[in-house]
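Let's walk through this structure together, going from strands to helices and then to a pair of rings. Please have the model open as you read.

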Amino acid sequence: MEVILIKDVDRIGAAGQLIKAKDGFARNFLIPNGLAVPVNAANLKKLEQEKQRKSLELEKSRKEAVVLQEKLAALSLTIPVLTQEDEKLYGSITVVELSAALKEEGIDIDKHKILLETPIKSLGIFEVPVDLHPEVKAKIKVWIVKK
């Protein structure tokens, strides 16, 4: 029996995939649990519409990410911090502080998208990578200066 998966199923397939399953498995497990629907003209049409909608959403989010990438390329964040006498910071600059500084500039980026390998613990200029979209990456120039 051929079915269209609605949700990802381990070792079977991903959502939106057309698979061939044994009749009993499809009728007794996949369809009743809402994991799949039988293949017919209406369900195939829904599948195509869903694929088109997802591709449009992905393209729209990619365009927004490209615009945001251009903004970030022109941006230079300056973060004043308290330092010890030997130019070491009290504490460190983490993704939380970077996200807050970006928010002050009017750019709202989730802290999980900022790819800071280790917290910044010294004064200087740093390039911090940001993952805006699976296809779009950006870098933020961060200046850590003495208060």
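In this predicted model, β7 and strand β8 (residues 136–146) run antiparallel to each other and are joined by nine bridges. One of the contacts to look for is Gly 124, whose bridge partner in β8 is Ile 144.

Now widen the view to the sheet. It is an open one made of three strands, in the order β4-β8-β7, and its pairing is mixed. Because β4 (76–81) and β7 (124–133) each have a single partner strand, they stand at the edges, and one side of each lacks a neighbour in the sheet. On average, neighbouring strands here are turned by 30° against each other, direction ignored.

Two helices come next. Helix α2 (residues 41–74) packs on the sheet and touches β4, β7 and β8; the direction of α2 makes about 30° with that of β8. Helix α3 (residues 95–104) also lies across β4, β7 and β8, running at about 120° to β4.

Finally, turn to the aromatic rings. How many aromatic pairs does a search of the whole structure find? There is one. The pair consists of Phe 25 and Phe 29, with 5.4 Å centre to centre and 20° between the planes. The pair counts as stacked because planes under 30 degrees apart fall into that class. Both residues belong to helix α1 (residues 23–30), and because they are four residues apart there, about one helical turn separates Phe 25 from Phe 29.

Notes:
Residues numbered from 1 in each chain as written. Predicted model: local features only at pLDDT ≥ 70, side-chain atom pairs only at ≥ 80, totals over all residues. Heavy atoms only, no water. Phe/Tyr/Trp six-rings, centres within 6.5 Å; stacked < 30°, edge-to-face > 60°. Pairing = 2+ DSSP bridges. Axes fitted to C-alpha atoms, helices over the stretch in contact; angles between N-to-C directions. Contact = heavy atoms within 4.5 Å.
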